[in-house]
Amino acid sequence: MTGPAREREGHRPSRTHPAKGRKAFGNRDGGRLLVLAPALGWLVLFVAAPAAILVAIAFADSDPGVPPFRLALSVAGFAVLAEDTYYLDALLTALRVAATTAALCLLLAYPMAMGIARAAPGRRVVLLALLMLPFWTGFLLRVGAWIGLLRDEGWINSLLQSAGLADAPIPLLYTEGAMLVGMVHAYLPFAVLPLFAAFLRLDPSLGEAAADLGARPATVFLTVTLPVTAPAAAAGFLLVFIPAAGEFVIPELMGPPEAQMVGRVLWQEFFQNRDWPVAAALAVALLALLLVPIRLFQRLEARP
Amino acid sequence: MHGPLRSAGPPMLLRAEALTRRFGAMLALDALDLEIAEGEFFALLGGSGSGKSTLLRIIAGFEAPDSGRLLLDGHDIAATPPWARPVNMMFQSYALFPHMSVADNVAYGLRRAGVARGDIAARTASALAMVGLDGFERRRPHQLSGGQKQRVALARSLVMRPRLLLLDEPLGALDAGLRERTGFELRALQRETGAAFVMVTHDQEEALALADRVALLDGGRIAQVGAPRAIYERPASRFVARFLGAANVLEGQAAEGRFDSAEAAATFAGAIPAGTVAVALRPERIRITADGAGPNTAQGVVEDVAFRGDDSLVLVRLSGGATLRVAHAEEDGAPPERGASVCLAWDADAVVALAS
Amino acid sequence: MRQGRLVRAAMLAGFAFLWLPILLLVAYAFSADRIPFQWGGFSLRWFHALAADERLVEAALLSLRIAAGAASLAVLLGGAAGWALARFGPFRGRAVFGALIGAPLVLPEVVTGLSLLLLFVALDILTGWPAGRGATTVLLAHATLGAAFVAVVVQARLAETDRSLEEAAMDLGATPFLAFRTVTLPLVAPALAAGWLLAFTLSLDDVVIASFVSGPAGTTLPMALFSMLRLGLTPEVNALGAVVVIGVGAMLAVAAILLRPRRG
């Protein structure tokens with residue numbers, strides 16, 4: 001602690017008289033400890049310790065016993081990842097699918113965010129509720145709905161057949177396309193929200209100034225709107241990309257069997273193969289790959 | 001009385017004919033007519049909701065009038081989109097592009113117009129030099145002070161060499177200390193470029209100080225247009241007299257050659273036409289005297305005295321009930337004390353008759 | 001404007017994409033047909049089937065209990081953490097504290113779930129607690145996840161309220177505790193409520209972390225639904241969807257009416 005004078009000033013370093021601060025806030029250190037200690041204890045136990053154990057087990061040896069590992073300082077788990085291209089493919093597939101999902105989300109999110117931000121305030125509230133409501137209705141139920149639409153005997157196929165556009169069911173479900181549709185549907189609101197905030201902050205006179213200086217609407221969008229909202233778009237992209245890279249449920253329920261994303265492989269290693277060190281090593285590898293996007297996202301969030 | 005609608009000298013640049021614009025139930029512009037000459041500094045003065053900003057945005061092309069015509073050099077431009085008009089605007093928020101350097105901001109319009117690369121650099125440099133910002137080319141807008149941002153915005157508009165430059169509250173975001181200096185600089189730039197400047201402001205001092213002509217707007221119509229001194233000294237209506245501030249406005253009845261005001265308990269003599277409903281009397285034209293009687297005098301009690309430097313503002317409650325603002329110059333000696341009974345007198349030519 | 005119409009059309013297409021599957025899911029819940037998303041006449045039979053499905057009903061009740069407990073715990077923890085981050089200034093270890101509270105926000109669910117499971121296994125071996133896994137371990141995991149979200153919401157709320165309000169209270173004679181109770185708490189109450197609701201929803205919606213840290217006795221609703229969907233779709237899922245969507249919609253409508261700003 002650097003003295004009570006600093007707490008008065010928040011994050012800024014302070015040059016006020018420490019004595020004055022101490023007089024007013026002298027009995028607060030005890031209270032602060034009372035607030036901090038339980039929260040810190042919880043975080044150490046349920047966030048820091050699990051991470052440490054995860055890393056420890058990633059470096060452990062597999063063992064057929066219970067629990068199925070022996071603590072050691074072995075890189076066997078990581079060696080398995082490096083040797084078998086199956087795991088590398090799973091990581092790369094996850095990154096590719098996550099990037100595609102995030103890009104598709106941004107494509108849909110731009111006009112949605114723009115439209116919501118430009119709506120009259122009363123209508124804007126309704127549109128925002130419509131955007132967030134699916135999030136409250138349960139993610140698995142939405143996946144269920146897509147399964148019902150995309151299955152061979154599903155809604156879309158029966159519609160196509162009764163319209164005479166298809167003779168036999170077109171395989172839609174268990175394809176990469178179906179998986180992407182499910183992922184975009186699940187994550188779309190996360191891409192819209194930061195962009196919406198950016199469009200709300202965007203000074204409308206910027207676009208008018210560009211038009212006034214001779215820019216047509218398409219040029220205004222490319223030279224002003226897009227660059228000014230780019231940081232928010234990047235934040236939205238990462239907000240989708242980071243969780244999508246570890247996604248397990250949607251690939252499992254909607255994706256093709258051969259689409260082995262890292263989340264699915266990790267799950268199988270852990271629950272089916274009971275190879276805890278390899279699963280932990282996969283988790284550590286995934287984290288290492290996501291470290292740069294995560295730091296980038298935090299930097300974008302910390303911007304004024 | 002009303003300032004000349006058509007100024008005599010330079011040719012007409014912009015003419016608005018019966019411009020009307022409605023927002024829902026509100027009539028922002030009510031069949032407004034206006035003419036602006038080439039190379040003049042014109043101020044649109046008015047309170048919020050007077051229609052001044054709507055008029056500016058219609059001239060720039062961001063709003064379309066519901067009816068009426070807008071002629072630039074005799075051509076109707078009401079349907080021309082903003083990017084195709086030889087009119088440029090300096091925004092109240094300055095609207096500098098935050099992701100571009102100062103130089104790129106200034107060069108933006110030149111690039112859109114397809115100006116050759118070498119010319120862009122030269123014109124950008126000279127525009128920045130003109131506003132005293134050479135050396136700032138690489139800065140970003142967030143690295144500039146308010147005054148510097150304002151200059152960049154000016155340079156960005158002026159580099160397009162517009163026939164008509166629109167300025168939306170150009171001094172509104174500046175500190176009081178910077179306003180006077182920037183005002184003089186604006187006038188110098190306007191003379192230098194020869195462009196017509198049309199400024200929107202709610203500040204009557206700013207309008208009177210900067211503009212060659214001022215149009216005072218009220219409810220989407222022009223209340224009065226003319227040279228600053230003309231409308232200041234000869235307001236056409238109670239609204240104009242009150243908006244320009246300072247003047248005392250007294251209600252009463254006109255009779256042959258005189259005006260009786262019950263609230264002032266005084267009779268005003270002078271050039272009072274029939275149909276006069278009120279008179280305006282400027283504080284600095286009123287003298288505090290030892291005694292006096294007859295027309296153009298009044299009796300009252302000093303309610304308060306405020307020292308203002310070169311004069312004191314004395315509030316005098318008249319026996320009729322009205323309170324007059326009286327400017328008492330320092331060289332006339334000490335102002336009366338609070339509570340003192342005083343006599344007030346003014347010359348006949350200080351009385352301005354108001355017909356509405 | 002032509003451009004405005006284009007934006008509006010694209011926006012409406014986005015909303016249609018979001019809502020069409022949900023609306024169809026709900027609509028076909030009222031179909032008698034045993035094949036989901038086939039219209040076989042109006043019927044409430046799948047709602048009856050849903051209510052009679054003991055496994056699902058039990059899982060739903062367990063999920064609601066876990067979600068309520070986890071959200072309440074998350075509000076306590078996240079509220080304290082958010083307050084510390086917003087008001088305690090640059091105390092030593094602030095960066096680490098902030099990183100720890102925010103970690104669950106950015107970690108993939110599989111990583112959070114796996115590491116928490118490894119923790120519970122290790123704890124069980126070392127201390128004999130939590131003695132197997134089930135509802136308790138899910139609750140603890142969800143509380144940790146929820147606390148991260150509550151902390152963000154509370155910190156943001158405090159950051160936008162003037163700290164001199166608390167100082168004014170103390171200047172007027174309130175002790176720090178009284179200032180907290182009479183000024184700070186009412187200020188952050190909406191954030192705490194929003195945070196509780198967020199944590200509650202996250203817990204009700206989570207399948208990955210729960211699957212990792214739960215045991216045989218702790219099957220939550222999403223876990224049950226997940227195994228159902230793996231086997232294929234049944235009209236019971238439609239019925240459940242209808243119950244949730246109509247329930248959430250009704251709750252939001254009530255909240256909107258209650259929270260509507262009063263005029264005059």
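Me: What makes up the secondary structure of chain A, in helices and strands?
Reply: In this predicted model, chain A has 14 helices and 2 strands.

Me: Why is chain A called more spread out than a compact globule?
Reply: For 304 residues the globule rule gives 19 Å, while the radius of gyration of chain A is 25 Å; that is well over the rule, so chain A counts as more spread out. The C-alpha trace of chain A spans about 85 × 70 × 35 Å along its principal axes.

Me: What share of chain A is buried, and what makes a residue count as buried?
Reply: A residue is buried if 20 or more other C-beta atoms lie within 10 Å of its own. In chain A, 47% of the 304 residues count as buried.

Me: How do you know which contacts in chain A join residues 24 or more positions apart, and what is their share?
Reply: The count takes contacts with a separation of 6 or more, and 65% of these in chain A are between residues 24 or more positions apart.

Me: What makes a set of residues a nonpolar core, and how many residues has the largest one?
Reply: The members must be buried residues of the nonpolar kinds, joined through C-beta atoms within 7 Å. The largest such core has 176 residues, and those with the most contacts inside it are A:Leu195, A:Leu282, A:Ala283, C:Leu114 and C:Ala199. Helix H3 (residues 54-87) of chain C gives the most to this core, 17 residues. Domain 1 (4-58) and domain 2 (76-302) of chain A each supply at least three residues to this core.

Me: Which residues does A:Leu195 touch?
Reply: Leaving out residues up to four places away in sequence, A:Leu195 touches A:Ala109, A:Tyr110, A:Ala113, A:Thr229, A:Ala232, A:Ala233 and A:Gly236. Another core, of 109 residues, lies apart from the largest one; B:Val106, B:Ala107, B:Ala196 and B:Val279 are among its members.

Me: What makes up the side of chain C that touches chain A, by class of residue?
Reply: Contact here requires C-beta atoms within 7 Å, and 64 residues of chain C meet that with 77 residues of chain A. Helix H1 (2-27) of chain C is one of the elements that supply at least two residues to this side, and H1(C) has the largest share, 12 residues. By class, the side of chain C that touches chain A holds 51 nonpolar, 7 polar and 6 charged residues.

Me: Which elements of chain A give two or more residues to the side that touches chain B?
Reply: The contact involves 16 residues of chain A and 17 residues of chain B. Helix H10 (204-212) and helix H11 (217-245) of chain A are the elements that give two or more residues, and H10(A) gives the most, with 7 residues. The side of chain A that touches chain B has 9 nonpolar, 3 polar and 4 charged residues.

Me: How do you know that strand S1 of chain B pairs with S2(B)?
Reply: Pairing needs at least two bridges. Between strand S1 (residues 12-23) of chain B and S2(B) there are 8 bridges, and the two strands run antiparallel, so by that cut-off they pair. B:Ala16 has B:Leu34 in S2(B) as its bridge partner.

Me: Why are S2 and S5 of chain B called edge strands?
Reply: The open sheet has 4 strands in the order S2-S1-S4-S5. Strand S2 (26-37) and strand S5 (75-76) of chain B each pair on one side only, and are the edge strands.

Technical notes
Residues are numbered from 1 along each chain as its sequence is written. Chains are lettered from A and ligands numbered from 1 in the order in which they are written. This is a predicted model: local features need pLDDT of at least 70, side-chain atom pairs count only at pLDDT 80 or more; totals for chains, interfaces and linings use all residues. A residue is buried if 20 or more other C-beta atoms lie within 10 Å of its own, exposed if 12 or fewer, and partly exposed in between; C-beta atoms are placed from the backbone. Domain bounds come from an automatic or database domain assignment. Two residues are in contact if their C-beta atoms, placed from the backbone, lie within 7 Å. Ala, Val, Leu, Ile, Met, Phe, Trp, Tyr, Cys and Pro count as nonpolar, Asp, Glu, Lys and Arg as charged, and the others, Gly among them, as polar. The radius of gyration is taken over C-alpha atoms; the globule rule is 2.2 Å times the number of residues to the power 0.38.
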